[in-house]
Amino acid sequence: MEPDAVVSIQEATEENECAEASGSVAAGDNPSPESPEQPDGSPQPRKKWLFPLAAGLAVLVLAVFALSQAGTPPVVVREPGAWPDFPYLASLVDEPDAFVQAINSEELSDAYRQAKMSGSWDESIDVSIAIDDLSGGAPGASGSERTVFNVIFTEDGKIDYFQLIYYGEEEPTMPVEADGNYVNHMLVMTRLKGVALGVSSLDGFPEGSVQTVYDECRRSNSVVEGFLSSPDDLAERCGIDPETIVVDNECYGVADWRSGYLRACAGYYQANTLGELPVVLTGTAYEERFVTEGTEGSYLMSLQSADRFAFTSTNATDLAVQNAGVFTIAYGRNLEDPGQGTEDVENTIAGQTTDYAFSLWSFAEGKPTT
């Protein structure tokens, strides 16, 4: 055979092999240096199940992730100016991130973030919180009025206790002005001075003068007075259905304003025996400890509208009387034992006044009557 013919045959063979290789690539097969053969000598088909398996695993992972997300409902964030929803917050005590998000307070979020970074949960967090019904949308908008949200943590950074506290503005109702109450106040003081000196008795005491001073000077916090007349309204504002409340302990204490006024005035002339000018507290205090159906932990509700009598100098006309209303509603994982009967509210009042004025208070179980 001629050499040129041999070259032509080799070139034709190489062209055919290139064409077959190109056809395999076009068909989607990767070229392989070796193709295992079946027993009959034909090439064994390549296994193409690896990609479908990987794709199936990816779909499975995505499905599991989607199901896990579907089981975690989004956090319900408190609207600006709204009351906190206590049962909902109680359901988040093991999820502090969600709890803090639900309160919707930048101040609380910042304080929580710092505690989380430091890993220190010893200190409670107190932040101002705006509730439109209480302060016109701005905490501390007028005078000393303010609303506070307090959170206490467990050792591992979960929520142990939280409460809402409202401090009404302290309203000065005296000193005595040069009107009708000035004259009547001095009539009362003059008679009490005579009694203290032993030159007059309480017979024919000017009760009308006491009533005039009461009518012209007495003030109260309308927010707290309203909730004292119907404590369940406060629970309902905080998302608690009154129908689900099971009371553990409920009690109240009362002391009459006029009796407190007379006790303070009499103490002015007994200062030598008392050791100092007395401070007298009167008003209404109420406490209720309860649980709710379907919620772990327990609640404490406390309301107080108090009038504080105190002489600011040694002048008989310098009797200052301030009214302050306060309430708190709290939730805790493990609140202390509520005690028996009226013990809870008695201890509250005893911690705020002296023995000289404590005897003015009377206590009973149940809700206060107004």
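A salt bridge here is a side-chain nitrogen of Lys or Arg within 4 Å of a carboxyl oxygen of Asp or Glu. With that in hand, welcome to a predicted model, where local features need pLDDT of at least 70, side-chain atom pairs count only at pLDDT 80 or more, and totals for chains, interfaces and linings use all residues. Residues are numbered from 1 along each chain as its sequence is written, and side-chain values use heavy atoms, with hydrogens and water left out. Across the whole structure, the search finds seven salt bridges and zero disulfides (pairs of cysteine sulfur atoms within 2.5 Å).

**Salt bridges**

- Arginine 113 and aspartate 110 join their side chains in a salt bridge at 2.8 Å, N to O.
- Both residues belong to helix α5 (residues 106-118), three residues apart, about one turn of the helix; helices are DSSP runs of H or I with at least four residues, strands are E runs of at least two, and numbering starts at the N terminus.
- Arginine 113 is partly exposed at 46% relative accessible area, and aspartate 110 is partly exposed at 32%; buried means under 20%, exposed over 50%, and partly exposed in between, with a 1.4 Å probe and protein chains only.
- Another salt bridge pairs aspartate 344 with arginine 289 at 2.7 Å, N to O.
- This pair links distant parts of the chain, with aspartate 344 in helix α13 (residues 343-350) and arginine 289 in strand β6, 55 residues apart.
- Aspartate 344 is buried because its relative accessible area is 13%, and arginine 289 is buried, also with a value of 13%.

**Surface patches**

- Patches are built from residues with over 30% relative accessible area and no salt bridge, joining like charges within 9 Å and nonpolar side chains (Val, Leu, Ile, Met, Phe, Trp, Tyr) within 5 Å.
- Asp233, Glu236, Asp241, Glu243 and Glu293 form a negative patch; Asp and Glu count as negative, Lys and Arg as positive, while His and the chain ends are not counted.
- The place of a charge is NZ of Lys, CZ of Arg, CG of Asp or CD of Glu.
- Glutamate 293 sits in the loop between β6 (279-292) and β7 (298-311) and is exposed at 55%.
- A nonpolar patch of Tyr182, Val183 and Leu187 has about 270 Å² of accessible area together, by the Shrake-Rupley method with a 1.4 Å probe, where for residues only the protein chains shown count as cover.

- Valine 183 lies in helix α7 (residues 180-197) and is partly exposed at 49%.
- Methionine 189 is also in helix α7, but is buried at 0%.
- Cysteine 217 is buried at 0% relative accessibility, and cysteine 238 is buried at 0%.
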